[in-house]
Amino acid sequence: MALAYTLPDRLSLWQRFLFAVPLLGRISKEVAYGEEENFYYALAILICLWGSSILLFGIPGLYLPAVALVPVMFALIIAISRG
């Protein structure tokens, strides 16, 4: 099976860990090293998954992904404030 993208010879440690995860790794490889439109497909998938969770679980499906991203936002604010 031929890949639609070529990976660099040396990947960083976090990329090797991320790409080793079965489904998430394949999607992230396609977004990082594939064609440019793959980013938009991945974004559409995430929006559809979020919409499906809202339909399935109601209001908790709407706000729980935002609550789960709070540590990411804290890390982002700290990174921005450090310069």
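A helix, as I use the word here, is a DSSP run of H or I over at least four residues, numbered from the N terminus. With that settled, Ser53 sits in helix α3. One caution before I go on: this is a predicted model.

Let me start with the overall picture. The protein has five helices and zero strands. Read from the N terminus, the order of elements is α-α-α-α-α. The radius of gyration is 16 Å, well over the 12 Å that the globule rule gives for 83 residues, so the protein is more spread out than a compact globule. Along the principal axes, the C-alpha atoms fill a box of roughly 45 × 35 × 20 Å.

Next, burial and contacts. Of the 83 residues, 14% are buried. If we take contacts between residues at least 6 apart in sequence, 24% of them join residues at least 24 apart. The accessible surface comes to about 7100 Å², and carbon and sulfur atoms account for 73% of that surface.

Now the surface itself. Which residues form the nonpolar patch? They are Leu23, Ile27, Val31, Phe39, Tyr40, Leu43 and Ile47, and together they have about 670 Å² of accessible area. Two helices, α2 at 22-33 and α3 at 37-57, each supply at least two residues of the patch. The largest share comes from α3, with four residues.

Gln15 belongs to helix α1, residues 13-20. Is Gln15 buried or exposed? Its relative accessibility is 14%, and the cut-off for buried is under 20%, so Gln15 counts as buried. The side chain of Gln15 also makes a polar contact of 3.2 Å with the side chain of Tyr33.

That brings me back to Ser53 in α3. Ser53 has a relative accessible area of 18%, which is under the 20% cut-off, and therefore Ser53 is buried as well. What does Ser53 touch, leaving aside its neighbours within four places in sequence? The answer is Gly58 and Gly61.

To recap, α3 holds the buried Ser53 and also gives the nonpolar patch its largest share of residues.

Key. Residues are numbered from 1 along each chain as its sequence is written. This is a predicted model: local features need pLDDT of at least 70, side-chain atom pairs count only at pLDDT 80 or more; totals for chains, interfaces and linings use all residues. Side-chain values use heavy atoms; hydrogens and water are left out. Patches are made of residues with over 30% relative accessible area and no salt bridge: like charges are joined within 9 Å, nonpolar side chains (Val, Leu, Ile, Met, Phe, Trp, Tyr) within 5 Å. Accessible areas come from the Shrake-Rupley method with a 1.4 Å probe; for residues, only the protein chains shown count as cover. A salt bridge is a side-chain nitrogen of Lys or Arg within 4 Å of a carboxyl oxygen of Asp or Glu. Buried means under 20% relative accessible area, exposed over 50%, partly exposed in between (1.4 Å probe, protein chains only). A polar contact is a pair of N or O atoms within 3.5 Å; within protein, one must be able to donate a hydrogen and the other to accept it, and residues adjacent in sequence count only if both atoms are side-chain atoms. The radius of gyration is taken over C-alpha atoms; the globule rule is 2.2 Å times the number of residues to the power 0.38. Contact means heavy atoms within 4.5 Å.
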